[in-house]
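Please look over the sequence and structure shown here before reading the notes. They are written for a reader new to protein structure.

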Amino acid sequence: MEDVCEGKDFSFPKQEESILRFWSSIRAFETQLKRTEAMPEYIFYDGPPFATGLPHYGHILAGTIKDVVTRYQSMNGRHVTRRFGWDCHGLPVEFEIDKKLGIRSRDDVFAMGIAAYNEECRSIVTRYVNEWEQVITRTGRWIDFKDDYKTMDLNFMESVWWVFAQLWEKDLVYRGFKVMPYSTGCRTPLSNTEAGMKYKDVSDPAIMVSFPIVGHPDNAALVAWTTTPWTLPSNLALCVNADFVYVKGAARPVILAEVREKTSGAIYIVAESRLSQLPSKKSKSESAGAVVPPQDKSSANSKSKGTTSSKTKSGVDAGSYQLVEKLTGASLVGLKYVPLFDYFLKYSETAFRVIADSYVTDDSGTGVVHCAPAFGEDDYRVCVSSGIIKDVDLFVAVDADGCFTKDVSDFSGRYVKDADKDIINSIKVKGRLVDNKSMVHSYPFCWRSDTPLIYRAVTSWFVSVEKIKEQLLESNKQTHWIPEYVKEKRFHNWLENARDWAVSRTRFWGTPLPIWVSEDFIEKRVIGSISELEKLSGAKVTDLHRHNIDHITIPSERGPEFGVLRRVDDVFDCWFESGSMPYAYIHYPFENAELFEKNFPGHFVAEGIDQTRGWFYTLMVLSTALFGKPAFRNLICNGLVLDEHGKKMSKSLKNYPSPTEVIGDYGADALRLYLVNSPVVRAENLQFKKNGVYNVVKDVFLPWYNAYRFLVQNAKRLEVEGPTSFVPAHYETLHNSSNVLDQWINSATESLIQFVRQEMDAYRLYTVIPYLLKFIDNLTNIYVRFNRKRLKGRTGEEDCIMSLSTLYNVLLTTCKVMAPFTPFFTEVLYQNLRKVSDGSEESVHYCNFPSTIGKRNKRIEQSVTRMMTVIDLVRNIRERHSKPLKTPLKEMIVVHPDSDFLEDITGKLREYVMEELNVKLVVPCNDPLKHASLRAEPDFSVLGKRLGKAMGAVAKEVKAMSQADILLFEQSGEATFSGHCLKQDDIKIVCTYMAWCIQILREFKRPAGSTEKEIDAAGDGDVLVVLDLRADESLFDAGVAREVVSRIQKLRKKAGLDPTDVVEVYYEPLGKNKNILEKIVDSQDEYIKDALGSPLLHEKYTPADAVILCQEEFQVLLSHEEPPNVSFVISIAKPALVFDTQAIVALYSGDKKLADNLQTYLSSREVSNLKLEFQGGNGKIKVDCFQNQPVVELELEKHVFLSVADSYLRRKELLNY
């Protein structure tokens, strides 16, 4: 393996760019597809975005989810074709061209020519394709941009025609009127999803208008309320609620009331509960321009014009009106009234009368709704059902640009919203204006043109969704969603209330409807393929856009006298195209029939939660209508990415950092992990914070990298110190290791693989990432931290190779497991790790996803988890009492009923616990009552609902439970309190000390005669630790030694030394207490040597020619009470050779000059190179490089020592011997 830099010098973005070049050089994605082409197919549908804008975090999020899943499936031996798709048709494209060319009406398009207009549209649909490819590729996503699909391609469009033709054959298509959200700015109807994308608070008129009843003896008038005065010229009916009951003098609410205005004598009919909304004489003159409180979004979206959820505060005095008579709603049905305008008197025979429907409520407006059937969905429905109009006779007095037609002569050509004031004035002149206010409410706007939407009837072709509603609900049951509640609630409810789908649009740039009709509309022909159109028309077809086929006619089957069939003008709603994607992107059924039919439904889709009413819905409708099954099997639904304050990200507001900026600063892997490890993968919203991406680098990648670097450094050290390079031990050997932490990390790795496989197979990405991150944290903070001595070779070469091999295997496995999530970083690590492994794959992404092959040791996994709990608890106690870890403590007691754990904590794990916590004795105790008392408390939140009034008596008995009672309850799992038995099924054990209905609290029982400062305890409901905090002078030498070691380690770091750099460390005690420090260092020499990897040498051993790398003076405490009272200087130097001059002189038969020459030569050599030569010669080397000087053989530790430390230890060994 090659050396690696420090974490602070490792640039994640630059390394990722290097990996991109590597992938490109080996054609990694293409190679992976080639290698898996004979394997089972995994069908992934990629929803097509528009290429008229740049990708944002929502696209990157969805793309990351898709990439994670498809990479995982590829590593599991599936062939996953990933083709990028583009939504090329529809409003977004036309809107861009309209802005560019200044087009303001449909007539402008016709004047320009549809052909020229459509070619302009075609020219921009791939405007940002290159930018998309750059951003998506930079995020690490593997997807094919070269073999992409476009909804404007001939093959795609032909398959869309086939889908529609199949629906036609199944009698699921019809033509009719539909009142839809309509953008006058874009001159097109919008889907309900699009209509809900943008709202603004606006001020609109809120007026009341009178409608005198024809022939009424008292000239009574019905009063309707509306916020859309522009719809009043098209009024054809008034609607009340017939189910409201008239009961004279009864306590039940009375719905309608006839009242007389006391001053003017006017008689109005309104809902009784809305009487207070009628204006008084005073409010009539003063209320103009009064502001009504804001209306909620749901009511603003209502198509009716006589109701609102707002509560108007008009200063109305109900005493201004005299109750004349109470009426039932039903009694008003059929009454004729005087039309407000005379534009549509030709409908007088059936129109201008009162009708009834349950959609009218008495909690808003006046209880009387004015109906203009062309501008309200409910208005249209009730007017058709009541015979006011026939659906074929519907007139629409507003044109495609939102202007009144010539039928409304007084306002012809005026934009409807601009005409409101003049319409109100006209009503006032007629004496029909009862009240005039303004109202601030949330109103829908076109998300493209930023113009207010209206509701307008349009002729459309519909798919009969309501016919297949039950099949849709059944299809939904066959799918697996993450999260499940989106499927069960949001999507199920949407399907349950599904309405027929208007799939046609009166636009230009789109897939034309393949419907040819005769002039009288009696003959209709739906075309399902290009060949069919060519056969029927005799024309050659090379493009299916309007300007290339609108001229094509089909002869009438009834004979030439009936003329020809011409195509209808409409094009498809682009949602129909995207819903056809599973078939159209592979040109089914014209090509790839076997591929499709063997693998449908597709395996996986993923998009944002907004697609529950968009793409997910259209996929489900079309697949169910065509095949009676869902289009997909598994779905991940993500939430929305908002700015850091929870607001929608906006380019104009610049309230978020650009993705390229974040990736440039921290790398794509960090962004991927930040997004996937957030609530957004559970369909919740994410408030994006750039600092959160930085934290991923700091808390995940840097510790992970440092563990990897530590492996590489120590593997390189082995190469320097040993005769051969590091070669990791075989897997079987590793699993036979006797070291407890080797056993633990091997078992934890098996658990990791098992868990990730289980959760990824269930598409639960949100559970995988926390588990992975915890594993990496445990690897770095437990395995590497606690095994530093072994990894550095201080416990012997064999043990070192075992620990390094274990770490290598775990890191390699982690790379493979994490590869789908962090493709760049895992590739960086893998490319270096694979250099010491024969037969490894060229890329980590060619590897098989790991499988569990070893046995899990659940006991040791649990014991290590509890060990870390013990360590955390002791740290908390130390912190509470200001006892730093460098201060040694005499004893801690671990209390737990599990004898296996106690055996582990005082056996296999004892060494790690004692060293980490600086405690000299660990005492096990399996009797919790020896150090704790038990107390029972009832859980009121659970038992209260169940026991009701008996709760008080039960609570009293629970609190009175004795120690023996509590232990018996825990053992038996049931107990009776005041006649109420709580059985085993009623109790869910949350932890050892917590039951569901009864909380069993263990409270520390401090030994008599001791204080909290002397003995303290901490627990987590599972483990209890008791710590002796009393000072013990016999342990103080160890504390001073620990402090000295700490100062040396900090000085090494300050000098910029790597852990593997070999140096000599000298100390020089200063001042009057220097003898005491010397004794401490001497008594603790084994600990110091173990911690530093070499002995701490007295300064008297410093060679005269020593090369000092760094030097610093320190102070330490020598007792608990006194201030710092000993100073010492630490010097870190390069290793220096030590010669046995007499032995060398003897080699040259007493010639001291020749001996000096040899010593000078050896001193000029690199110590590391000399070490390798001695290792190669089994401790001996021949020196034959001098002319006129005999060849001699030097023996290590006889003639020369490679360091002062080696010489010192040898002398010490001989003295002890």
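The model is predicted. Its largest nonpolar core has 130 residues, and the structure holds 66 aromatic pairs. In soluble globular proteins, nonpolar side chains tend to be buried together.

**A four-stranded sheet**

- Four strands form an open sheet in the order β37-β36-β39-β38, and their pairing is mixed.
- The edges are taken by β37 (1096–1098) and β38 (1108–1116); each has a single partner strand, so one side of each is left without a neighbour in the sheet.
- On average, neighbouring strands of this sheet are turned by 30 degrees against each other, direction ignored.
- Strands β36 (residues 1064–1070) and β39 (residues 1126–1133) run antiparallel and are joined by seven bridges.
- P1069 has F1128 in β39 as its bridge partner.
- Helix α39 (residues 1036–1054) packs on the sheet and touches β36, β37, β38 and β39. The direction of helix α39 makes about 145 degrees with that of β38.

**Nonpolar cores**

- Within the largest core, the residues with the most contacts are F688, F821, L833, M867, M892 and V894.
- Helix α25 (residues 690–721) gives the most to this core, with 14 residues.
- If neighbours within four places in sequence are left aside, the contacts of V894 include V870, F901, V922, P924 and L1024.
- Another core, of 69 residues, lies apart from the largest one; among its residues are V173, V568, L619 and A625.

**Aromatic pairs**

- A pair of aromatic rings is described by the distance of the centres and the angle of the planes.
- W481 and F632 have ring centres 6.2 Å apart and planes at 65 degrees, so the pair is edge-to-face.
- This pair links distant parts of the chain, with W481 in strand β16 (residues 480–482) and F632 in strand β25 (residues 632–638), 151 residues apart.
- W481 is buried, with a relative accessible area of 0%, and F632 is buried with a relative accessible area of 0%.
- For Y674 and F688, the ring centres are 5.4 Å apart and the planes stand at 85 degrees, so this pair is edge-to-face.
- Y674 belongs to helix α24 (residues 668–676), while F688 is in the loop between β27 (686–687) and α25. Both Y674 and F688 are buried.
- One aromatic cluster is formed by F10, F12, F701, W704, Y705, Y708 and F825.

**Charges over rings**

- R138 has its charged end over the ring of F824, 5.6 Å from the ring's centre.
- K417 lies over the face of Y443, at 4.8 Å from the ring centre.

Notes
Residues numbered from 1 in each chain as written. Predicted model: local features only at pLDDT ≥ 70, side-chain atom pairs only at ≥ 80, totals over all residues. Heavy atoms only, no water. Pairing = 2+ DSSP bridges. Helix = DSSP H or I, 4+ residues; strand = E, 2+ residues; numbered from the N terminus. Axes fitted to C-alpha atoms, helices over the stretch in contact; angles between N-to-C directions. Contact = heavy atoms within 4.5 Å. Core = buried A, V, L, I, M, F, W, Y, C linked by side-chain atoms within 4.5 Å. Buried < 20%, exposed > 50% of the residue type's maximum accessible area, 1.4 Å probe, protein only. Phe/Tyr/Trp six-rings, centres within 6.5 Å; stacked < 30°, edge-to-face > 60°. Lys NZ or Arg CZ within 6 Å of the ring centre and 35° of its normal.
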